[in-house]
Amino acid sequence: MKKLKLYIETSVWNFCFADDAPEKKDITLKFFEKVKAGDYEIFVSDVVFQEIGKADYEKGIILSELIDQFNPQKLIINELVYNLARGYIIEGILTINSIDDATHAALATVYEMDALISWNLKHLANLQRMERINEVNMKYGYTKRLELITPMEVSDAEI
């Protein structure tokens, strides 16, 4: 069986250290155990590192080191990604203030990931948003359905 290709956006990396949300932290750590075991191919992009760069210095270093430990493949932001991210904004799915989230979804779509993994329940990992993103993807010629899900949904972890 082929490994799932998963794009992991910034919120998932952050929840490895979320002492204020112990259930989500535990689920996230279990998810990364499966990653470490080689169950999935994982991917990130410069958007993840840009968002980490907005954190305080120490947290940024910790998150960068964590990502380095897992050695995800890095997706390149190109014109196709920019155009699709703009499409999500033009269609009113996300606002310009959520350009990073739009770019995460566009990257996962353009590079044909099996899923975008996120704890961002408002902008990414929710059914209505996923359906609308997939509608725009179809308009732009991307026929592979993108799943926008939490670490819990991909790793069979339970709350």
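**Notes on the predicted model**

1. Glu131 is partly exposed, with a relative accessible area of 30%, where buried stands for under 20% relative accessible area, exposed for over 50% and partly exposed for what lies in between (1.4 Å probe, protein chains only). Salt bridges that share partners join Lys2, Asp114 and Lys144 into one network, a salt bridge being a side-chain nitrogen of Lys or Arg within 4 Å of a carboxyl oxygen of Asp or Glu.

2. On the basis of these values: this is a predicted model, in which local features need pLDDT of at least 70 and side-chain atom pairs count only at pLDDT 80 or more, while totals for chains, interfaces and linings use all residues. Residues are numbered from 1 along each chain as its sequence is written, and side-chain values use heavy atoms, with hydrogens and water left out.

3. Helix α7 covers residues 127-139, and its 13 residues reach 19 Å from the first C-alpha to the last, which is close to the 18 Å expected at 1.5 Å a residue. The expected span is 1.5 Å times one less than the number of residues, and helices (H or I, at least four residues) and strands (E, at least two) are DSSP runs numbered from the N terminus.

4. Which residues of α7 are buried? They are Arg129, Met130, Ile133, Asn134, Val136 and Asn137. Seen down the helix axis, the buried residues of α7 fall within an arc of 160°, so they line one face of the helix; the arc is that of the directions from the helix axis to the C-beta atoms. An α-helix has 3.6 residues a turn, so residues three or four places apart point the same way.

5. The face of α7 turned away from its buried side carries Leu127, Gln128, Met138 and Lys139, which are exposed. Among the elements that cover the buried residues of α7 are α5 (79-90), α6 (99-110) and β5 (147-149), with contact taken as heavy atoms within 4.5 Å.

6. Both ends of α7 deserve a remark. At its start, a side-chain oxygen of Asn126 reaches to within 3.3 Å of the backbone nitrogen of Gln128, and after the helix comes Gly141, whose phi is positive, near 90°.

7. Thr109 lies in helix α6 and is buried, with a relative accessible area of 5%. Leaving aside residues up to four places away in sequence, Thr109 touches Leu84, Tyr88, Asn137, Tyr142 and Leu146.

8. How many salt bridges does a search of the whole structure find? The search finds 9. One of them joins Asp100 to Lys54, with the closest N and O atoms 3.2 Å apart. Asp100 lies in helix α6 and Lys54 in the loop between α3 (46-53) and α4 (57-70), so the pair ties together parts that are 46 residues apart in sequence. Asp100 is buried at a relative accessible area of 19%, whereas Lys54 is exposed at 63%.

9. Lys144 and Asp114 form a salt bridge whose closest N and O atoms are 2.8 Å apart. Lys144 lies in the loop between α7 and β5 and Asp114 in the loop between α6 and β4 (115-117), so this pair ties together parts 30 residues apart in sequence. Lys144 counts as partly exposed at 31% relative accessibility, while Asp114 is buried at 15%.

10. The side chains of Arg145 and Glu131 also meet in a salt bridge (2.4 Å, N to O). This pair links distant parts of the chain, with Arg145 in the loop between α7 and β5 and Glu131 in helix α7, 14 residues apart. Arg145 counts as partly exposed, at 36% relative accessibility.

11. A polar contact of 2.8 Å joins its side chain to that of Glu9, and a polar atom of the Ser118 side chain lies 2.8 Å from the backbone nitrogen of Asn120. A polar contact is a pair of N or O atoms within 3.5 Å; within protein, one must be able to donate a hydrogen and the other to accept it, and residues adjacent in sequence count only if both atoms are side-chain atoms.

12. The largest nonpolar core has 52 residues, of which Tyr7, Trp13, Phe31, Phe32, Tyr88 and Ile117 touch the most other members. Helix α6 gives the most to this core, with 6 residues. Such a core is a set of buried Ala, Val, Leu, Ile, Met, Phe, Trp, Tyr and Cys residues joined through side-chain atoms within 4.5 Å.
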